[in-house]
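Let's walk through this structure together, from its aromatic rings to its charged side chains. Have the viewer open and follow along.

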Amino acid sequence: MLVSIVTPVYNCEKYIAETIESVLVQDYQSIEYIVIDDGSTDNTPSILEKYEDRVKIVRQKNSGEQSAVNYGVKLALGTVVGVVNADDPVKRTLVSRAIVELSSDPELVAVYPDWEKIDAHGDIVSTVRVADFSLRDMLEQCFCIPGPGTLFRKSALRGEPARRSEFKYSGDFDLWLRLSLQGKMKRIPEVLATWRMHPESASYAYRDPEMAANKVDLFKTFFNNPSLPEELYQLRRQALSSAFYAASILGVFNKDIPAKGYLMRSFLLRPIWPSTFRVSQKRSWIHVLLVLTSPLSTHVLGWFNRACNSQSKRR
(Lines give C-alpha, C1' and ligand atoms only; values in the text may rest on other atoms or scores of the structure.)
Protein backbone atom coordinates (compact mmCIF):
# COMPACT_ATOMS: atom_id res chain seq x y z
CA MET A 1 0.00 0.00 0.00
CA LEU A 2 1.55 3.29 -1.10
CA VAL A 3 1.58 6.02 1.54
CA SER A 4 2.04 9.69 0.63
CA ILE A 5 3.48 12.04 3.22
CA VAL A 6 2.98 15.75 2.53
CA THR A 7 4.96 18.49 4.25
CA PRO A 8 4.10 22.14 3.64
CA VAL A 9 7.00 24.43 4.46
CA TYR A 10 7.50 28.17 4.64
CA ASN A 11 10.67 29.71 6.09
CA CYS A 12 11.47 26.78 8.35
CA GLU A 13 15.23 26.51 7.93
CA LYS A 14 15.71 25.64 11.61
CA TYR A 15 13.67 22.43 11.53
CA ILE A 16 12.90 21.21 8.02
CA ALA A 17 15.96 18.96 7.66
CA GLU A 18 15.19 17.13 10.91
CA THR A 19 11.60 16.56 9.80
CA ILE A 20 12.60 15.31 6.35
CA GLU A 21 15.11 12.90 7.85
CA SER A 22 12.45 11.54 10.21
CA VAL A 23 10.28 10.62 7.23
CA LEU A 24 13.10 9.20 5.13
CA VAL A 25 14.13 6.75 7.87
CA GLN A 26 10.66 5.23 8.25
CA ASP A 27 10.76 1.42 8.48
CA TYR A 28 7.94 1.20 5.93
CA GLN A 29 9.29 1.10 2.39
CA SER A 30 6.41 2.15 0.13
CA ILE A 31 6.40 5.88 0.85
CA GLU A 32 6.06 8.83 -1.50
CA TYR A 33 7.32 12.01 0.17
CA ILE A 34 6.15 15.38 -1.16
CA VAL A 35 7.42 18.69 0.23
CA ILE A 36 5.62 21.83 -0.91
CA ASP A 37 7.79 24.93 -0.50
CA ASP A 38 5.30 27.77 -0.16
CA GLY A 39 7.63 30.50 -1.44
CA SER A 40 10.22 30.40 1.34
CA THR A 41 12.60 33.37 1.47
CA ASP A 42 15.09 32.02 4.03
CA ASN A 43 17.56 29.17 3.57
CA THR A 44 14.82 26.54 3.23
CA PRO A 45 15.13 26.19 -0.60
CA SER A 46 18.88 25.47 -0.29
CA ILE A 47 18.23 22.81 2.34
CA LEU A 48 15.56 21.20 0.18
CA GLU A 49 17.94 20.95 -2.79
CA LYS A 50 19.98 18.39 -0.86
CA TYR A 51 16.99 16.03 -0.82
CA GLU A 52 15.78 16.33 -4.40
CA ASP A 53 16.96 12.80 -5.26
CA ARG A 54 14.81 11.27 -2.49
CA VAL A 55 11.95 13.71 -2.03
CA LYS A 56 9.54 15.27 -4.51
CA ILE A 57 10.15 18.98 -4.01
CA VAL A 58 7.48 21.30 -5.39
CA ARG A 59 7.85 25.07 -5.21
CA GLN A 60 4.95 27.49 -5.43
CA LYS A 61 4.33 31.17 -4.97
CA ASN A 62 3.48 31.96 -1.37
CA SER A 63 -0.21 31.09 -1.05
CA GLY A 64 -0.59 29.93 2.54
CA GLU A 65 -0.47 26.59 4.33
CA GLN A 66 -3.94 25.47 3.22
CA SER A 67 -3.00 25.91 -0.42
CA ALA A 68 0.30 24.05 0.06
CA VAL A 69 -1.38 21.13 1.83
CA ASN A 70 -4.15 20.88 -0.75
CA TYR A 71 -1.68 20.92 -3.62
CA GLY A 72 0.42 18.21 -1.98
CA VAL A 73 -2.61 16.00 -1.29
CA LYS A 74 -3.81 16.52 -4.87
CA LEU A 75 -0.43 15.35 -6.19
CA ALA A 76 -0.33 12.38 -3.81
CA LEU A 77 -0.51 8.98 -5.48
CA GLY A 78 -0.86 7.03 -2.24
CA THR A 79 -4.09 5.50 -1.02
CA VAL A 80 -3.12 6.68 2.46
CA VAL A 81 -1.99 10.25 3.16
CA GLY A 82 -0.39 11.98 6.12
CA VAL A 83 0.40 15.68 6.57
CA VAL A 84 3.57 16.24 8.59
CA ASN A 85 4.32 19.82 9.58
CA ALA A 86 7.74 21.17 8.71
CA ASP A 87 8.75 21.57 12.35
CA ASP A 88 7.26 18.35 13.74
CA PRO A 89 9.49 15.26 13.18
CA VAL A 90 7.84 11.85 13.44
CA LYS A 91 8.96 8.56 14.94
CA ARG A 92 10.46 5.82 12.78
CA THR A 93 7.53 3.38 13.03
CA LEU A 94 4.67 5.83 12.47
CA VAL A 95 3.77 4.76 8.95
CA SER A 96 4.18 1.01 9.47
CA ARG A 97 1.98 1.04 12.58
CA ALA A 98 -0.68 3.08 10.78
CA ILE A 99 -0.73 0.66 7.85
CA VAL A 100 -1.14 -2.34 10.17
CA GLU A 101 -4.26 -0.74 11.64
CA LEU A 102 -5.74 0.49 8.36
CA SER A 103 -5.12 -2.86 6.65
CA SER A 104 -6.86 -4.76 9.42
CA ASP A 105 -10.12 -2.81 9.22
CA PRO A 106 -11.45 -1.45 5.89
CA GLU A 107 -14.00 0.67 7.77
CA LEU A 108 -11.24 2.79 9.30
CA VAL A 109 -10.76 6.12 7.50
CA ALA A 110 -8.00 7.45 9.77
CA VAL A 111 -5.67 6.50 12.59
CA TYR A 112 -3.76 8.73 14.99
CA PRO A 113 -1.06 8.12 17.64
CA ASP A 114 0.02 9.49 20.97
CA TRP A 115 2.66 12.19 20.65
CA GLU A 116 5.32 14.21 22.41
CA LYS A 117 5.33 17.93 22.92
CA ILE A 118 8.87 19.16 22.25
CA ASP A 119 10.47 22.57 22.59
CA ALA A 120 12.47 24.60 20.08
CA HIS A 121 15.56 22.52 20.92
CA GLY A 122 13.85 19.16 20.47
CA ASP A 123 13.71 18.40 24.18
CA ILE A 124 10.60 16.58 25.40
CA VAL A 125 8.27 18.87 27.35
CA SER A 126 5.52 16.31 27.93
CA THR A 127 3.99 13.15 26.51
CA VAL A 128 0.41 13.40 25.33
CA ARG A 129 -1.72 10.27 25.64
CA VAL A 130 -4.63 11.10 23.41
CA ALA A 131 -8.19 9.92 23.95
CA ASP A 132 -9.91 7.12 22.09
CA PHE A 133 -11.97 8.57 19.31
CA SER A 134 -15.38 10.02 20.18
CA LEU A 135 -17.16 12.36 17.78
CA ARG A 136 -19.56 13.29 20.56
CA ASP A 137 -16.68 14.44 22.77
CA MET A 138 -15.08 16.37 19.93
CA LEU A 139 -18.32 18.27 19.36
CA GLU A 140 -19.64 18.76 22.88
CA GLN A 141 -16.27 19.70 24.35
CA CYS A 142 -14.69 21.49 21.36
CA PHE A 143 -11.96 18.92 21.71
CA CYS A 144 -9.78 17.98 18.73
CA ILE A 145 -8.71 14.43 19.55
CA PRO A 146 -6.51 13.41 16.55
CA GLY A 147 -3.25 15.32 16.45
CA PRO A 148 0.16 15.10 14.80
CA GLY A 149 0.91 11.82 13.08
CA THR A 150 -2.64 11.23 11.82
CA LEU A 151 -2.87 9.26 8.56
CA PHE A 152 -6.06 8.91 6.53
CA ARG A 153 -7.43 7.23 3.42
CA LYS A 154 -7.39 9.68 0.52
CA SER A 155 -10.63 8.19 -0.80
CA ALA A 156 -12.43 9.39 2.35
CA LEU A 157 -12.04 12.99 1.14
CA ARG A 158 -14.52 12.20 -1.62
CA GLY A 159 -13.02 14.82 -3.88
CA GLU A 160 -13.08 17.59 -1.27
CA PRO A 161 -9.92 19.51 -0.36
CA ALA A 162 -8.05 18.38 2.73
CA ARG A 163 -8.01 21.94 4.02
CA ARG A 164 -10.82 24.40 3.47
CA SER A 165 -9.62 27.97 2.95
CA GLU A 166 -12.13 29.48 5.37
CA PHE A 167 -10.58 27.60 8.30
CA LYS A 168 -7.03 28.96 8.36
CA TYR A 169 -6.43 27.89 11.96
CA SER A 170 -8.87 24.99 12.31
CA GLY A 171 -8.14 23.08 9.12
CA ASP A 172 -7.16 19.86 10.88
CA PHE A 173 -10.17 19.91 13.19
CA ASP A 174 -12.45 20.50 10.21
CA LEU A 175 -10.89 17.60 8.31
CA TRP A 176 -11.28 15.15 11.20
CA LEU A 177 -14.92 16.14 11.65
CA ARG A 178 -15.61 15.58 7.95
CA LEU A 179 -13.77 12.26 7.89
CA SER A 180 -15.62 11.07 10.98
CA LEU A 181 -18.84 11.20 8.96
CA GLN A 182 -17.29 8.84 6.39
CA GLY A 183 -16.10 6.05 8.68
CA LYS A 184 -14.30 5.09 11.86
CA MET A 185 -11.21 6.71 13.36
CA LYS A 186 -8.92 4.90 15.77
CA ARG A 187 -6.19 5.73 18.22
CA ILE A 188 -2.82 3.97 18.08
CA PRO A 189 -1.72 3.88 21.74
CA GLU A 190 1.96 4.50 21.02
CA VAL A 191 4.07 7.67 20.87
CA LEU A 192 4.76 8.01 17.15
CA ALA A 193 4.79 11.76 16.47
CA THR A 194 5.79 15.12 17.92
CA TRP A 195 4.47 18.65 18.08
CA ARG A 196 7.01 21.42 18.49
CA MET A 197 6.17 24.30 20.79
CA HIS A 198 8.06 27.45 19.88
CA PRO A 199 7.30 31.18 19.55
CA GLU A 200 6.98 31.04 15.74
CA SER A 201 4.40 28.24 15.66
CA ALA A 202 0.90 29.28 14.59
CA SER A 203 -0.70 28.20 17.88
CA TYR A 204 1.46 30.70 19.73
CA ALA A 205 2.29 33.42 17.23
CA TYR A 206 -1.16 34.06 15.77
CA ARG A 207 -3.72 34.22 18.55
CA ASP A 208 -5.70 36.71 16.53
CA PRO A 209 -9.41 37.43 15.93
CA GLU A 210 -9.48 35.08 12.93
CA MET A 211 -8.26 32.17 15.04
CA ALA A 212 -10.98 32.84 17.60
CA ALA A 213 -13.66 33.20 14.93
CA ASN A 214 -12.50 29.95 13.28
CA LYS A 215 -13.39 28.00 16.42
CA VAL A 216 -17.01 29.16 16.26
CA ASP A 217 -17.41 29.17 12.48
CA LEU A 218 -16.11 25.60 12.25
CA PHE A 219 -18.95 24.29 14.39
CA LYS A 220 -21.56 26.50 12.76
CA THR A 221 -20.56 25.06 9.38
CA PHE A 222 -20.59 21.50 10.67
CA PHE A 223 -24.09 21.80 12.09
CA ASN A 224 -25.39 23.54 8.96
CA ASN A 225 -24.89 20.27 7.07
CA PRO A 226 -28.44 19.29 6.01
CA SER A 227 -27.56 15.59 5.94
CA LEU A 228 -26.24 15.55 9.50
CA PRO A 229 -27.81 12.75 11.58
CA GLU A 230 -30.36 14.00 14.10
CA GLU A 231 -28.46 12.50 17.05
CA LEU A 232 -25.49 14.71 16.17
CA TYR A 233 -27.58 17.82 15.50
CA GLN A 234 -28.96 17.55 19.03
CA LEU A 235 -25.44 18.34 20.31
CA ARG A 236 -25.44 21.74 18.58
CA ARG A 237 -26.13 24.07 21.53
CA GLN A 238 -23.55 22.46 23.79
CA ALA A 239 -21.00 22.33 20.95
CA LEU A 240 -21.42 26.01 20.15
CA SER A 241 -21.28 26.92 23.83
CA SER A 242 -17.92 25.15 24.07
CA ALA A 243 -16.67 26.80 20.87
CA PHE A 244 -17.59 30.28 22.08
CA TYR A 245 -15.86 29.57 25.39
CA ALA A 246 -12.68 28.39 23.62
CA ALA A 247 -12.74 31.55 21.48
CA SER A 248 -13.12 33.72 24.58
CA ILE A 249 -9.97 32.25 26.16
CA LEU A 250 -7.92 33.37 23.16
CA GLY A 251 -9.12 36.88 23.93
CA VAL A 252 -7.05 36.82 27.09
CA PHE A 253 -3.96 36.86 24.85
CA ASN A 254 -5.18 39.44 22.35
CA LYS A 255 -7.21 42.53 23.25
CA ASP A 256 -8.61 42.70 19.70
CA ILE A 257 -10.61 39.50 20.28
CA PRO A 258 -14.08 40.22 21.73
CA ALA A 259 -13.56 37.83 24.61
CA LYS A 260 -16.39 39.03 26.84
CA GLY A 261 -18.87 38.74 23.97
CA TYR A 262 -17.79 35.19 23.21
CA LEU A 263 -18.02 34.27 26.87
CA MET A 264 -21.54 35.71 27.17
CA ARG A 265 -22.68 33.70 24.13
CA SER A 266 -21.23 30.56 25.71
CA PHE A 267 -23.25 31.04 28.91
CA LEU A 268 -26.42 31.98 27.03
CA LEU A 269 -26.27 28.77 25.03
CA ARG A 270 -25.46 26.52 27.99
CA PRO A 271 -25.26 28.10 31.47
CA ILE A 272 -24.29 24.77 33.01
CA TRP A 273 -22.10 22.15 31.38
CA PRO A 274 -22.13 18.38 32.04
CA SER A 275 -19.93 17.32 34.93
CA THR A 276 -18.65 14.39 32.84
CA PHE A 277 -16.43 16.57 30.64
CA ARG A 278 -12.69 16.02 30.69
CA VAL A 279 -10.96 18.24 33.24
CA SER A 280 -9.03 20.03 30.50
CA GLN A 281 -12.26 20.86 28.65
CA LYS A 282 -14.40 22.04 31.54
CA ARG A 283 -15.17 25.71 32.10
CA SER A 284 -12.52 27.09 34.39
CA TRP A 285 -13.53 29.90 36.69
CA ILE A 286 -9.93 31.08 36.53
CA HIS A 287 -10.27 31.45 32.75
CA VAL A 288 -13.63 33.16 33.18
CA LEU A 289 -12.04 35.62 35.63
CA LEU A 290 -9.18 36.29 33.19
CA VAL A 291 -11.67 37.04 30.44
CA LEU A 292 -13.75 39.32 32.64
CA THR A 293 -10.66 41.25 33.81
CA SER A 294 -9.20 41.71 30.35
CA PRO A 295 -7.46 43.80 29.02
CA LEU A 296 -5.56 43.98 32.34
CA SER A 297 -5.05 40.22 32.35
CA THR A 298 -3.93 40.43 28.70
CA HIS A 299 -1.11 42.80 29.61
CA VAL A 300 -0.03 40.62 32.54
CA LEU A 301 0.04 37.44 30.45
CA GLY A 302 1.84 39.26 27.64
CA TRP A 303 4.58 40.30 30.03
CA PHE A 304 4.83 36.74 31.38
CA ASN A 305 5.08 35.20 27.88
CA ARG A 306 7.76 37.68 26.82
CA ALA A 307 9.76 36.86 29.93
CA CYS A 308 9.49 33.11 29.24
CA ASN A 309 10.49 33.54 25.58
CA SER A 310 13.46 35.69 26.55
CA GLN A 311 14.66 33.06 29.01
CA SER A 312 14.21 30.31 26.39
CA LYS A 313 16.35 32.20 23.85
CA ARG A 314 19.20 32.42 26.37
CA ARG A 315 19.49 28.62 26.47
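**Rings, a helix and some charges**

Start with tryptophan 273 and phenylalanine 277: both are buried, where buried means under 20% relative accessible area, exposed over 50% and partly exposed in between (1.4 Å probe, protein chains only). A quick note before going on: this is a predicted model, in which local features need pLDDT of at least 70 and side-chain atom pairs count only at pLDDT 80 or more, while totals for chains, interfaces and linings use all residues. Residues are numbered from 1 along each chain as its sequence is written, and side-chain values use heavy atoms, leaving out hydrogens and water.

Phenylalanine 222 and phenylalanine 223 are also both buried. Tryptophan 273 and phenylalanine 277 make a tilted aromatic pair, at 5.8 Å centre to centre and with 50° between the planes. Rings of Phe, Tyr and Trp (its six-membered ring) pair if their centres lie within 6.5 Å; planes under 30 degrees apart are stacked, over 60 edge-to-face, and the rest tilted. Searching the whole structure turns up nine aromatic pairs. In one of them, the ring centres of phenylalanine 222 and phenylalanine 223 are 5.3 Å apart with planes at 85°, so that pair is edge-to-face.

What about the charges? Arg97, Glu101, Lys186 and Glu190 are linked in a network of salt bridges, each being a side-chain nitrogen of Lys or Arg within 4 Å of a carboxyl oxygen of Asp or Glu. In the bridge between glutamate 101 and lysine 186, the closest N and O atoms are 2.8 Å apart. Glutamate 101 is in helix α4 and lysine 186 in strand β8, so this pair ties together parts 85 residues apart in sequence. Glutamate 101 is buried at 12% relative accessibility, whereas lysine 186, at 36%, is partly exposed.

Notes. Helix = DSSP H or I, 4+ residues; strand = E, 2+ residues; numbered from the N terminus.
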